[in-house]
Each structure stands twice: as C-alpha cells, then as structure tokens.
Amino acid sequence: MSLTSTAQAIASSQAVAGTCPDRLVHAIRTEVRRGLDWPQTADCVARALRASLPEPAAILPAPLRCGDPAGYQSHLLYAEPDGTFSVSAMVWLPGQQTMIHDHVAWCVTGVLQGHEYEEVFALTADGSTLTLGARNLNPPGTVSGFAPPGDIHRVRNTGDDVAISMHVYGADISRLGNSIRREYTLPICP
Ligand SMILES: [Fe+2]
C-alpha cells in the first residue's frame, strides 16, 4: 500500500492541470456568494456538485487519469480569483490513501469513478488519541460535504481499479498548496 503525505500529493496542485466545467464553476460560485456559514455552504455546494457531477474524461486528460504508483495525485482544476474556493481532482490507484487529516475550511467531495473508503475520527478529550467514529464506502455518484471542526478523516481506494474524485474547498489551494490544517499520527483507540 502506498501511503502519501498530503504535502507530497499536493505538489502537483500549484498549476491548473485539468478543467472544471463552466456550468459547475458558476453553480459553486452562486452558492459561495450567498455568504452562509461553513456547514450550510458545504451542504449547498454539495447539492450543486451532485446535480452536475462530470465524467472523469471531462475534467482530466487521459494521462492524468491513470494514477501514479508514487502516491495518490491531486490536480488543480480551478481556483476562484477572489480566493473563496478552489476545485481539484484526486486520482488513486488501488490501496493508495491519505494521511489522517483535517481541513482549514469546508470541503465537498464527489466520487466520479471507483470506490473510496472513508474513515472519520474524533480526538479524545485530552487530545492524545483518536477514536474511529464512522466508516463509509463511497461508490461513484456519492457526494459529501463537511466543515471543521470534526472533520478528521482518512480516505483510501479500496477497489480494484483507479478511483477518481472531485473536491471543492472553501480555500484557495493554488495559493495555500493544499487545504490541510493538520495531519494526525496519534494512536487510534481500538
Ligand atoms: Fe480530506
């Protein structure tokens, strides 16, 4: 299994490497500009993405849809000029996964191809340990939105084929490099 740190995975995300359909950019922008709080914005953007989930070939050229044995890949598709949101595509070979991490802002994910397995964690009161709170196997078409706090998670491609997902962040990853707040290496309570 190839475990890739976020910093390594996002190294390719500084320049736009694919396409976010104009219609989807417009729909996301409309929701973001409503000025709702993070959980509400995540819900609204999730609804917009669910209604316009593109095919992988519409957002990434073929070579970028193959995956990379070095680790899962994140490709920037769009960054709003005012920095309020950005969109990326992630490509995972079977077995590749993220570190356990959380985000600096709201996030919406949509699975376009393959299956992504997500584990959601919580910090114990003293901050020394993680507990596993939920496990979700997300098939193509699954769209989820979440907002900090309480968004500690890890994602893995548990399928036999390349998995591709789309991610919308309430932050500009073209400037930040990624939307990760923290990576966790704490022990996990059984
Ligand atoms: Fe994440």
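This is a predicted model: local features need pLDDT of at least 70, side-chain atom pairs count only at pLDDT 80 or more; totals for chains, interfaces and linings use all residues.
Strands (E, at least two residues) and helices (H or I, at least four) are DSSP runs numbered from the N terminus. Both faces of strand 9 are covered: Ala163, Ser165, His167 and Tyr169 are buried on one side, and Ile164, Met166 and Val168 on the other. Residues are numbered from 1 along each chain as its sequence is written; local features need pLDDT of at least 70, side-chain atom pairs count only at pLDDT 80 or more, totals for chains, interfaces and linings use all residues, and side-chain values use heavy atoms, without hydrogens and water.

Two neighbours pair with strand 9, where pairing requires at least two DSSP bridges between the strands. Strand 2 (residues 86-92) runs antiparallel to strand 9 over 7 bridges, and here serine 86 has tyrosine 169 as its bridge partner. Strand 4 (residues 107-113) is likewise antiparallel to strand 9, joined by 6 bridges, with valine 108 opposite valine 168.

Serine 179 lies in the loop between helix 5 (173-176) and strand 10 (180-184). Serine 179 counts as buried because its relative accessibility is 5%. Its side chain makes a polar contact with the side chain of histidine 103 at 2.7 Å, a polar contact being a pair of N or O atoms within 3.5 Å; within protein, one must be able to donate a hydrogen and the other to accept it, and residues adjacent in sequence count only if both atoms are side-chain atoms.

Note on methods: Buried means under 20% relative accessible area, exposed over 50%, partly exposed in between (1.4 Å probe, protein chains only).
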